[in-house]
Amino acid sequence: MKTRITELLGIEHPIFQAAMSWASSNAPLIIAVSNAGGMGVIAAGPMRPDDFRKALRDIKAATKKPYGVNIPLNNPRAAELLDIACEARIPVMVASQGGPREHLARFRAIGTKWLHVVASVEHAKKAEAAGVDALVVDGAEAGGHPPPSDVGTIVLVRRIVKATRLPVVASGGIADGAGIAALLALGADAVQLGTRFIATPEASVHENYKRAVLEAEVDDSCLVGPAGLPIRQLKNAFAAKYHAAERAGASPEELAGIFNGSSLKKAALEGDVEWGKVEAGQSAGLIDEILPAAEIMRRLVAEAEDARKRLASL
């Protein structure tokens, strides 16, 4: 499967492993996906600078394939993380939550390709005007922060493909090769999977978190948090408490207190999947086993090829 993205980044398959705080804030998952021909992406956001440096060294020592780094540009430590990434001469940046324009020149100077995460046509056009190389488009089915408009992946990706000239990586609600083929048929140049890669030995989250993903159905996720910036997570005691307070007419300050009283870290590292934020997308309902990341990649490629053949025969 050759696309504009595989040509741009020098990868074999148009498959990205999404940056997921804690789950892909490590080297092993990124190494496994990149060595299998995809694009492994490290989530630098929650990492301490020294841990980030070490992970980059470990990745470079274990793979000669391209890999990506995600840095939320609104992170309080973004400047330091960007400096570390630049010093490491990373091949691919997958940036999010901020404007890319001021950072592009120095990363271009070291040969880094810059992909920017967007969730609306407006932000896609702004990123294109800033000069990024490609877009990652997050639809409403994705875990973590969905688009404020709550537009699903199929519609949002198709709209942005028509609105810009940049290569597009489609993200949200994909867990198998059929989903990959479907998004490629809509005009995407690659597809990004997050939740599928939580259910791997290489993902650095608690086993309780992985089991919660395996046990979830497609309707077992929900949006929690303030309007305009909620997160998609699995339903649990924390989500029930927040929604009950919302229905009871709690003030924004009271809701903020409940929301800030929990964390992704509580679920991902401590294993408290009832009172922690278990961020996961709707595709959790399509996942029923934990597999090594390399095996997932192998299956995704085979399934996508089969699905493309079925489409071609119609």
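Predicted model: local features only at pLDDT ≥ 70, side-chain atom pairs only at ≥ 80, totals over all residues.

**Glu202 and its surroundings**

The side chain of Glu202 reaches the backbone nitrogen of Ala293 at a distance of 3.1 Å, a polar contact in the sense of a pair of N or O atoms within 3.5 Å, where within protein one must be able to donate a hydrogen and the other to accept it, and residues adjacent in sequence count only if both atoms are side-chain atoms. Residues are numbered from 1 along each chain as its sequence is written, and side-chain values use heavy atoms, with hydrogens and water left out.

Where does Glu202 lie? Glu202 is in the loop between helix H9 (195-198) and helix H10 (207-215); helices (H or I, at least four residues) and strands (E, at least two) are DSSP runs, numbered from the N terminus. Glu202 is buried yet has no salt bridge. Buried means under 20% relative accessible area, exposed over 50%, and partly exposed in between, with a 1.4 Å probe and protein chains only. A salt bridge is a side-chain nitrogen of Lys or Arg within 4 Å of a carboxyl oxygen of Asp or Glu. The nearest side chain of opposite charge to Glu202 is Lys210, 7.1 Å away; for charge, Lys and Arg count as positive and Asp and Glu as negative, and His and the chain ends are not counted. Not counting residues up to four places away in sequence, Glu202 touches Ala23, Asn26, Pro28, Leu29, Ala32, Leu291, Pro292 and Ala293, contact being heavy atoms within 4.5 Å.

**Salt bridges**

Side chains of opposite charge can pair when their charged atoms come close. How many salt bridges does the structure hold? There are 11. In helix H14 (residues 293-313), Glu295 and Arg298 lie three residues apart, about one turn of the helix, and they form a salt bridge with closest N and O atoms 2.8 Å apart. Salt bridges that share partners join Glu289, Glu295, Arg298 and Arg299 into one network. Glu295 is partly exposed, at 21% relative accessibility.

Helix H3 (residues 49-62) holds Lys54 and Asp58, four residues apart, about one turn of the helix. Their side chains meet in a salt bridge of 2.8 Å, N to O. Lys54 is partly exposed at 44%, and Asp58 is partly exposed at 31%. A further salt bridge links Asp51 with Arg48 at 3.1 Å. Here Asp51 is partly exposed, with 35% relative accessible area, whereas Arg48 is exposed at 59%.

**The sheet**

I turn to the strands. Eight of them form an open sheet with parallel pairing, in the order E1-E8-E7-E6-E5-E4-E3-E2; two strands pair if DSSP finds at least two bridges between them. Strand E1 (15-17) and strand E2 (40-43) stand at the edges with a single partner strand each, so one side of each has no neighbour in the sheet. Strand E7 (residues 168-171) and strand E8 (residues 190-193) run parallel and are joined by three bridges, and Ser171 stands opposite Gln192 in E8.

Finally, is Val92 buried or exposed? Val92, in strand E4 (residues 92-95), is buried, at 2% relative accessibility. Not counting residues up to four places away in sequence, Val92 touches residues including Leu9, Met39, Tyr67 and Leu115.
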